[in-house]
Amino acid sequence: MADPYPPSALLLLPPPPAFSFDPVKDAFEPSLADVYTKLSDKLNESNDTAILDIALAIPGLLSSCQPRAKVFAQLQHYLSSVYTLIGAVCATRNIELDSPGGIDTRVVFVDQATKPAERTPFGPILDLQSLADCDRRWDHVYYLGNTAGKNVADSFISHVGAQAKDGRAASLQAITSHPDWTTADPLLIPNDQPSTPYYSVVVGGTFDHLHVGHKLLLTAVALALEPGREGRLTIGVTGDALLTNKKYAEVLESWEERWQSTASFLTAIMDFSPGEKSLQIERGFSPDPNGQTPLKNVLTRIQPNLAFKFVEISEMFGPTITEENLGAIVVSKETRSGGALINDERAKKGWKALAVFEVDVLQSGEATDTESFESKISSTDIRRRRAHRAKV
């Protein structure tokens, strides 16, 4: 009988030599190539989508990220390096990522050695114990075969509960890796400037056919949100009416599909609490800044202290000029001017400016096959391929 579940794996990565692209590539390229090839082979040309959770171990992470704003710049840079490397590896080997027959990747950060008081199941920054205790079903737990990789694997297994230990230990598999390297000490250096914790963070986008570029942006939004009390991510999702002139509009996902895929990804990188999940969904309407038909919104409560609010947007400002009680906004370096324009509009209303967090963009130039890499981070190209398949 065929397995009713698509392949699913966890990859444990030890601390890199540094967070920039070249040292990350030198350390992890053979391992990522090995894992993506294995998962792609397991799909055996089916239309299933494999799941790959990647946990990036960083020493002293949880004690350094209070508030998270102090380490945001470094962590998003590391995240960008990893997602760029993933795109380059898969482009070179013609491995699909987020399309049918591809691999759905989610990247989080873990503290390998944590004090009990620092434990948190609230990603994308969490402790190794919470990762080991979560109820996710992984067919394999991959680790690097060098000393640093084995240390992370040993720590992971030591945290697994007795009931699950035999199964998780049996799933462990060493993979190709470079010999040991020297890691900067300290690897993570918190910003010494005064930082404010933000419990309400906003971002906007189309989020059509979610891909690694979207995942980088959404993970950065989650990085900017401070855990510990009522937290909310507000995600402006472009309304269907604004997308009618897009190329290959016939295979555009609906607003409903786009907010749901975004919610699914955010839940996957943020909620590692064990036990059954009871998702609460409230639907409503938000005012349209242009005074037109009210815009749809959906509030999803993931944990008692974590909620996502998805708001339909009809122009560039979205909820940033209709909701006063927002604390920060995340923008890509390509759209940094948008943050300034938004704060100008908020100033006109007498509202407090939003803190602006900038995220690197994926560097397609780092790939041997640039065209293939760019096709993996382009919603237009993903739609083109799907439209072509629909005609075949």
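1. Helix 8 (255–270) gives the lining of the second largest pocket its largest share, six residues. Strand 2 (50–57) and strand 10 (295–303) each supply at least two residues as well. Helices (H or I, at least four residues) and strands (E, at least two) are DSSP runs, numbered from the N terminus. The model is predicted, so to speak of local features takes pLDDT of at least 70 and side-chain atom pairs count only at pLDDT 80 or more, while totals for chains, interfaces and linings use all residues. Residues are numbered from 1 along each chain as its sequence is written, and side-chain values use heavy atoms, with hydrogens and water left out.

2. The volume of this second largest pocket is about 470 Å³. Its lining counts 25 residues. Arg136, Ser264, Thr267, Ala268 and Lys277 lie nearest the centre. A pocket here is an open set of points on a 1 Å grid over the protein atoms alone, where a 1.4 Å probe fits, with protein on both sides within 12 Å along at least five of seven lines; lining residues have an atom within 4 Å of a point. Points are joined across faces, edges and corners, and the volume is the space filled by probe spheres set on them.

3. What is the make-up of the lining of the second largest pocket by class? Eleven residues are nonpolar, seven polar and seven charged. Nonpolar covers Ala, Val, Leu, Ile, Met, Phe, Trp, Tyr, Cys and Pro; charged covers Asp, Glu, Lys and Arg; the others, Gly among them, are polar.

4. Helix 1 (residues 21–43) is not straight. A kink of about 55° lies at Phe28, shortly before the proline Pro30. The bend is the angle between axes fitted to the seven residues ending at a residue and the seven starting there. Asn44 follows helix 1 and has a positive phi, near 50°.

5. The structure holds seven aromatic pairs. One of them, Tyr198 with Phe357, is edge-to-face, at 5.8 Å centre to centre and 85° between the planes. This pair links distant parts of the chain, 159 residues apart: Tyr198 sits in the loop between strand 6 (172–175) and strand 7 (200–205), Phe357 in strand 13 (residues 355–359). Rings of Phe, Tyr and Trp (its six-membered ring) pair if their centres lie within 6.5 Å; planes under 30 degrees apart are stacked, over 60 edge-to-face, the rest tilted. Tyr198 and Phe357 are both buried. Buried means under 20% relative accessible area, exposed over 50%, partly exposed in between (1.4 Å probe, protein chains only). Phe19, Tyr78 and Phe109 form one aromatic cluster.

6. Two cis peptide bonds deserve a look. Gly123 to Pro124 is cis, with omega near 5°. Pro124 lies in the loop between strand 3 (103–111) and strand 4 (125–127). Asp185 and Pro186 are also joined by a cis bond, with omega about 0°. Pro186 is placed in the loop between strand 6 and strand 7.

7. Where is Phe207 found? Its place is the loop between strand 7 and helix 7 (212–224). Phi of Phe207 is positive, near 55°, and the residue is buried at 1% relative accessibility. His209 lies in the loop between strand 7 and helix 7 too. Its phi is about 45°, positive although His209 is not a glycine. His209 counts as buried, at 6%.
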